[in-house]
Amino acid sequence: MQIQHNISLKPYNTFGIDATAKHFVSVSNSDQLKSVLSLKEYPNKLILGGGSNMLLTKNQDKLVIHINLKGIEILSEDEDFAIVKANAGENWHEFVLWCMANNFGGIENLSLIPGNVGTSPIQNIGAYGVELKDHFVSCEALSLTTLETHTFTKPDCQFGYRDSIFKRQEKEKHIITSVTFKFTKRNHILNTNYGTISSELESMGIKNPTIQDISKAVISIRESKLPNPKDIGNSGSFFKNPVITNKQFETLLLNFPEAPSYSVSENEVKIPAGWLIEKAGFKGKRFGNYGVHKNQALVLVNYGQAQGSDILKLSKLIQKTVLRIFNISIEAEVNII
Ligand code: FAD
Ligand code: EPU
């Protein structure tokens, strides 16, 4: 473990922003993490996972701690279920593939989401009808101030849509070091209703899908819809889909009868932010080095040399325009740093 100075964070964030870390360290085990946190000369820290949900808007004076804690362990199992603990630095998608290889069911719909296992509870990652919370048991987290380890159970985490306690009361107070899951070993509960999964399975010629088939279908859909950060810098959905009241929705329908929506409760609907942004005229718009993706208006992109502050400026223009046209506020999903 070595503290490096003045290094570029470009390879460490999927937006490909060339911001500098004044101090940087990669930690591979808990002892290293604790000893780094005890260093008095670096009081301010930025925790870095896979860098796939952050927009770096400036050079970082903080000590950037890259979480590289590896290891997957089956804590217990019977004929029906397995309890599995994965350390925070495991790559999420590789962990999903490990589950598929072991025939552990639960997170197949979350295939190909970038980032680390340790970050997955922070915004309760979700896709194609499944959220992390559906298979989450607990996570261990190290307090940045006391260096004590706390276990957060599912109720402790207060999970919501792209939300948890780690984005609110406990924001930036802990480093999640491991996550424990409960998976099915047989009688898997398949989730094929969302979006285009069933038509994708049909085109693959599959009538009775396995969890592995669903994983493959999700990978294929995602590859066709979302830009690969290796080709073009991005952070997935830049904004959350806004949830509005039925009353607000009725008003929206007066001017935009074609507006799509998904019911989330008796009184509320979710509006796809991608639709609002497209309708506001931003889809495919390019502003020099950055812009809005041509196939998915919810994804802001860096064509090469953009600065984080450029993309932040564009995101604010989009928010202002959407508010003016639709009277709906859209909130960033990406962490602005
Ligand atoms: P980072 O960007 O490294 O960090 C995000 C935040 O968490 C930062 O504030 C950081 O300081 C903090 N942090 C990181 N690790 C820890 C830790 N161990 N303990 C405490 N704090 C920590 N998300 C979805 O939910 N669904 C999707 O379908 C989806 N699709 C995506 C597609 C693409 C192409 C991309 C680029 C992103 C997508 N995302 C999606 C967003 C992203 O993959 C997830 O939010 C992911 O969980 C971020 O993980 P990360 O390790 O890269 O986080
Ligand atoms: N739409 C448009 N124009 C666009 C994009 C979308 O009109 O340019 C409308 C269409 O009506 C479409 C609908 O939005 O049917 C939904 O689009 P899509 O299926 O692509 O999903 P999304 O709502 O844009 C959400 C998540 C994704 C997740 C997918 C699949 C959020 C903020 N985003 O996107 O998560 O992968 O569903 O479940 O909830 C992420 O969080 O980074 C992310 C990629």
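**Around ligand 1**

A nitrogen atom of ligand 1 lies 2.7 Å from an N or O atom in the side chain of R222. That is a polar contact, meaning a pair of N or O atoms within 3.5 Å; within protein, one must be able to donate a hydrogen and the other to accept it, and residues adjacent in sequence count only if both atoms are side-chain atoms. Taken alone, ligand 1 exposes 990 Å², and the protein buries 92% of that (accessible areas come from the Shrake-Rupley method with a 1.4 Å probe; for residues, only the protein chains shown count as cover).

A word on the source: this is a predicted model, where local features need pLDDT of at least 70 and side-chain atom pairs count only at pLDDT 80 or more, while totals for chains, interfaces and linings use all residues. Residues are numbered from 1 along each chain as its sequence is written, chains are lettered from A and ligands numbered from 1 in the order in which they are written, and side-chain values use heavy atoms, leaving out hydrogens and water.

Back to the contacts: a backbone N or O atom of I47 is 2.6 Å from an oxygen atom of ligand 1. The side chain of R162 has an N or O atom 3.4 Å from an oxygen atom of ligand 1.

Now for the wider shell. There are 32 residues around ligand 1, and I47, G50, S52, T119 and R222 come nearest (a residue is near if one of its heavy atoms lies within 4 Å). By class, this shell has 13 nonpolar, 17 polar and two charged residues (Ala, Val, Leu, Ile, Met, Phe, Trp, Tyr, Cys and Pro count as nonpolar, Asp, Glu, Lys and Arg as charged, and the others, Gly among them, as polar). The strands β3 (45–48), β8 (126–127) and β12 (174–184) each supply at least two residues of the shell; strands are DSSP runs (E, at least two residues), numbered from the N terminus.

Key: Helix = DSSP H or I, 4+ residues; strand = E, 2+ residues; numbered from the N terminus.
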